[in-house]
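Reader: I am new to protein models and would like to learn how to read one. Could you take me through it step by step?

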Amino acid sequence: VQLQASGGGLVQAGGSLRLSCAASGRAFSRYAMGWFRQAPGKEREFVAAISWSGGTTYYADSVKGRFTIARDNAKNTVYLQMNSLKPDDTAVYYCAADEVVRTRSTEYGYWGQGTEVTVSS
């Protein structure tokens, strides 16, 4: 499966962005999806994940209550709605796919190219 992330940009603190990750190739609905982020000088960290059906979701504590992950299997797309953004959310955001919903980046087999999010204070 090939993944293409988009939707990043520059936003003020308190604002919102919606990231999208479009998938092509093998059956998208078979895959669990995850979002990760990597800030400059830091390791890649887990943000959110969703099962193939959308029935199970996981969030990092740092984004709970502010971010929402969702998917539309008919459109082969997973979304990350980000509200109440903070400067600490500044990072390159990556989407990833694998057969089982996971929270560790090392367990995902397929990755998109990343989309940059900058939150100004």
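Predicted model: local features only at pLDDT ≥ 70, side-chain atom pairs only at ≥ 80, totals over all residues.

Reader: How is a pair of aromatic rings described, and what is the case for F36 and F46?

Author: A pair of aromatic rings is described by the distance of the centres and the angle of the planes. Rings of Phe, Tyr and Trp (its six-membered ring) pair if their centres lie within 6.5 Å; planes under 30 degrees apart count as stacked, over 60 as edge-to-face and the rest as tilted. The whole structure holds six aromatic pairs. For F36 and F46, the centres are 5.7 Å apart and the planes stand at 70 degrees, so this pair is edge-to-face. F36 belongs to strand β4 and F46 to strand β5, 10 residues apart. As for the word strand, strands (E, at least two residues) and helices (H or I, at least four) are DSSP runs, numbered from the N terminus.

Reader: Which kind of pair do F36 and W111 make?

Author: A tilted one, because their ring centres are 5.2 Å apart and their planes are at 55 degrees. F36 sits in β4 and W111 in β10 (residues 110–111), so the pair ties together parts 75 residues apart in sequence. F36 is buried, with a relative accessible area of 1%, whereas W111 is partly exposed at 28%. Ring pairs link F36, F46, Y94, Y108 and W111 into a cluster.

Reader: Which residues have the most contacts inside the largest nonpolar core?

Author: First, the general idea: in soluble globular proteins, nonpolar side chains tend to be buried together. A nonpolar core is a set of buried Ala, Val, Leu, Ile, Met, Phe, Trp, Tyr and Cys residues joined through side-chain atoms within 4.5 Å. The largest one here has 36 residues, and M33, W35, L80, M82 and Y93 have the most contacts inside it. Among the elements that give two or more residues to this core are β1, β3 and β8.

Reader: In what order do the four strands of the open sheet lie?

Author: Two strands pair if DSSP finds at least two bridges between them. The order is β1-β3-β8-β7, with antiparallel pairing. At the edges are β1 (2–6) and β7 (67–72), each pairing on one side only. Between β1 and β3 (residues 17–24) there are five bridges, and Q2 has S24 in β3 as its bridge partner.

Reader: Is T77 buried or exposed?

Author: T77 is buried, with a relative accessible area of 9%, and its place is in strand β8. Its side chain reaches the backbone oxygen of K75 at 2.8 Å. That is a polar contact: a pair of N or O atoms within 3.5 Å, where within protein one must be able to donate a hydrogen and the other to accept it, and residues adjacent in sequence count only if both atoms are side-chain atoms.

Technical notes:
Residues numbered from 1 in each chain as written. Heavy atoms only, no water. Buried < 20%, exposed > 50% of the residue type's maximum accessible area, 1.4 Å probe, protein only.
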